[in-house]
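Hello,

Here is the structure I said I would pass on. My notes on it follow below.

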Amino acid sequence: GPDYLRTADIVASTGDTSASQIRFLTKPQGGNPAERMVINKDGNVGIGTTGPLEKLDVSGNATVSGNLTFSGAASTIANRKMQPLQIGDSATGNINFYGTSNSLTSGGNLTLAGTITLPNSNTITGVSNYTQFSNGVSVGGGTTYYLDTSGNLNANAGTFAGTLTANGDVVLGNAITDNITF
């Protein structure tokens, strides 16, 4: 009959009676057998690693064709190498955060149903027919056009074109140096 070569093994090593593991080895063409997967004494499964630290410890890329569901009290996706955590790539669709009212689209559009909190306790909140900013708003950078926290509209450069509706005093320019045109 045909010759058979030993190209894969399942090895149960006991070492001593208190600790055991199951190792899965395969042999690439022209190479030596190498450990590909292990189940250690604690029941942790390691793929691409000989010392799994969690119930499933994968060293390398992994693909899940179905849902990846977290059911524990603490559900964390983290990068332990302190590198940027990238969620998605050029083939990823939208990312929804518990429903479509909170989402990050593949085009980079962020939709939130709540409040966005920025540094220094600044917040942006969508209210029925306007956007509420907790502190002033600047358009054009710096103090070109801005609303301060008192509701004052300041147009320090350029031309303000449009309708200005005010419930209070309106101060137009500096009466000594600026022209006021009606």
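Subject: contacts and overall make-up

Residues 24 or more positions apart account for 0% of the contacts in the protein with a separation of 6 or more. Please keep in mind that this is a predicted model. Its secondary structure comes to 0 helices and 14 strands, so the pattern read along the sequence is β-β-β-β-β-β-β-β-β-β-β-β-β-β. Of the 182 residues in the protein, 5% are buried. The accessible surface amounts to about 15,200 Å², and carbon and sulfur atoms hold 51% of that.

Strands 9, 10 and 11

Strand 10 (residues 123–127) has pairing on record here with two strands, taken in turn below. With strand 9 (residues 115–117) it runs antiparallel, and 3 bridges join the two. Threonine 115 has threonine 125 in strand 10 as its bridge partner. The hairpin of strand 9 and strand 10 has 5 residues between the strands, and in that hairpin asparagine 120 takes a positive phi near 60°.

With strand 11 (residues 130–133), strand 10 pairs over 4 bridges, again in the antiparallel sense. Valine 127 stands opposite tyrosine 130, which belongs to strand 11.

Salt bridges

How many salt bridges does a search of the whole structure find? There are 2.

One is formed by the side chains of glutamate 35 and arginine 23, at 3.5 Å from N to O. This pair links distant parts of the chain: glutamate 35 is in strand 3 (residues 34–39) and arginine 23 in strand 2 (residues 19–26), 12 residues apart. Glutamate 35 is partly exposed, because its relative accessible area is 23%. Arginine 23 also counts as partly exposed, at 25% relative accessibility.

The side chains of aspartate 42 and lysine 41 meet in a salt bridge as well, with an N to O distance of 3.3 Å. Aspartate 42 has a relative accessible area of 46% and is therefore partly exposed. Lysine 41 has 55%, which makes it exposed; the cut-off for that class is over 50%.

Asparagine 44

Is asparagine 44 buried or exposed? It counts as buried, because its relative accessibility is 8% and the class takes in values under 20%. Asparagine 44 is found in the loop between strand 3 and strand 4 (45–47). Leaving out residues up to four places away in sequence, asparagine 44 touches Val38, Ile39, Pro52, Leu53, Glu54 and Lys55.

Nonpolar surface patch

Val64, Leu68, Phe70, Ile77, Leu85 and Ile87 make a nonpolar surface patch of about 620 Å². One of these residues, phenylalanine 70, lies in the loop between strand 5 (56–58) and strand 6 (95–96). Why can phenylalanine 70 be called partly exposed? The reason is its relative accessible area of 43%, since that class runs between the 20% and 50% limits. The value also meets the patch requirement, because patches are made of residues with over 30% relative accessible area.

Regards

Technical notes. Residues numbered from 1 in each chain as written. Predicted model: local features only at pLDDT ≥ 70, side-chain atom pairs only at ≥ 80, totals over all residues. Heavy atoms only, no water. Patch = residues over 30% accessible without salt bridge, like charges linked within 9 Å, V, L, I, M, F, W, Y side chains within 5 Å. Areas by Shrake-Rupley, 256 points an atom, 1.4 Å probe, with all protein chains shown as cover. Salt bridge = Lys/Arg side-chain N within 4 Å of Asp/Glu carboxyl O. Buried < 20%, exposed > 50% of the residue type's maximum accessible area, 1.4 Å probe, protein only. Pairing = 2+ DSSP bridges. Contact = heavy atoms within 4.5 Å.
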